Amino acid sequence: MSVKLLYFASLREALGLAEESIELPPGVATVGALRAWLAKRHAPLATTKNLRAAVNQKMAGMEAAIRDGDEIAFFPPVTGG
Amino acid sequence: MDEISVQAADFDPGGEIAALSWGDAGAVASFVGLVRQDGAVTAMTLEHYPGMTEAALADIVVAARARWPLLAVRIVHRIGRLLPGERIVFVGVAAAHRHAAFAACEFIMDYLKTQAPFWKKEETLAGARWVEARESDERAAQRWQDGVTDG
């Protein structure tokens, strides 16, 4: 399956990348599994403290399921307001 | 009528309050957040997640409306580069009575701080740094779930 990935704020800067589309191997079916798989080539995904995620623009936990065509974002805790 | 805007342009707090002051409104409570002028920070840049940010703010308004009888809510949040003293955010709530207006305004700000995807980067004379999330903000949002502030 293929998904669209977005990175924001300090994570975007650390990766030097704002978005990418990627083909996932079988078995990568949750946000947490995706993070672990991506961290092999994007080390900051493993080291960002309190990393947050969203699936299709909704906050999602690491246990959340991902499906073909999803938009998945990773970012540090939010600091607006 | 609710209004949510994520924009680079400044806003007029008086105009926002006036837009809330109509119909059956007996109380309008509002909050304006500013870039602090604490000396060290020379500018601040706000990044957001286009699409999700607006949706997250709309969800927060829905959650506030489920708790209090609100007549209107207006949220304006700025993005881009801001200087010390500039306005960042406006939250205004109209209700029949003050309790709902005060409580909902604070609730919306507490959730905005922890749920809406915005990120601040500060510029200082020593360089730029991303602002770290504060545990006190998490606790402020958490207390609404504990139900202790419902009154």
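**Figure 1. Pairing of S2(B) with S6(B) in the predicted model.** Eight bridges join S2(B) and strand S6 (residues 87-95) of chain B, which pair in the antiparallel sense. Within this pairing, Gly92(B) in S6(B) is the bridge partner of Ser30(B). Strands are DSSP runs (E, at least two residues) and helices likewise (H or I, at least four), numbered from the N terminus; two strands pair if DSSP finds at least two bridges between them. This is a predicted model, in which local features need pLDDT of at least 70 and side-chain atom pairs count only at pLDDT 80 or more, while totals for chains, interfaces and linings use all residues. Residues are numbered from 1 along each chain as its sequence is written, chains are lettered from A and ligands numbered from 1 in the order in which they are written, and side-chain values use heavy atoms, with hydrogens and water left out.

Figure 2. The open sheet has four strands in the order S1-S4-S6-S2 (chain B), with mixed pairing. Strand S1 (3-7) and strand S2 (27-34) of chain B are the edge strands, each pairing on one side only. On average, neighbouring strands are turned by 5 degrees against each other, direction ignored. Helix H1 (residues 13-20) of chain B packs on the sheet and touches S2, strand S4 (70-78) and S6 of chain B, its direction making about 20 degrees with that of S6(B). H3(B) lies across S2, S4 and S6 of chain B and runs at about 145 degrees to S6(B). Axes are lines fitted to C-alpha atoms, for helices over the stretch in contact, and angles run from 0 to 180 degrees between N-to-C directions; contact means heavy atoms within 4.5 Å.

**Figure 3. Packing of H2(B) against H3(B).** The two axes come within 10 Å and cross at roughly 145 degrees. Residues of H2(B) in this contact include Ala56(B), Ile60(B) and Arg67(B), and those of H3(B) include Phe107(B), Tyr111(B) and Gln115(B). The contact has nine nonpolar, one polar and one charged residues. Ala, Val, Leu, Ile, Met, Phe, Trp, Tyr, Cys and Pro count as nonpolar, Asp, Glu, Lys and Arg as charged, and the others, Gly among them, as polar.

**Figure 4. The sheet of chain A.** Five strands form an open sheet of mixed pairing, in the order S2-S1-S5-S3-S4 (chain A). Strand S2 (19-23) and strand S4 (58-60) of chain A are at the edges with a single partner strand each, so one side of each has no neighbour in the sheet. The twist from one strand to the next averages 30 degrees. Strand S1 (residues 2-7) and strand S5 (residues 71-75) of chain A are parallel and share four bridges, whereas S1(A) and S2(A) run antiparallel and are joined by five bridges. Leu5(A) stands opposite Ile72(A) in S5(A) and has Glu20(A) as its bridge partner in S2(A). Lys4(A) stands opposite Glu71(A) in S5(A).

**Figure 5. The second largest pocket.** This pocket holds about 150 Å³ of space. Its lining includes Lys58(A), Met59(A), Met52(B), Asp59(B) and Tyr111(B). H2(B) gives the most to the lining, with five residues. By class, the lining has six nonpolar, two polar and two charged residues. On a 1 Å grid over the protein atoms alone, a pocket is an open set of points where a 1.4 Å probe fits, with protein on both sides within 12 Å along at least five of seven lines, and lining residues have an atom within 4 Å of a point.

Terms used: Grid points are joined across faces, edges and corners, and a volume is the space filled by probe spheres set on the points.
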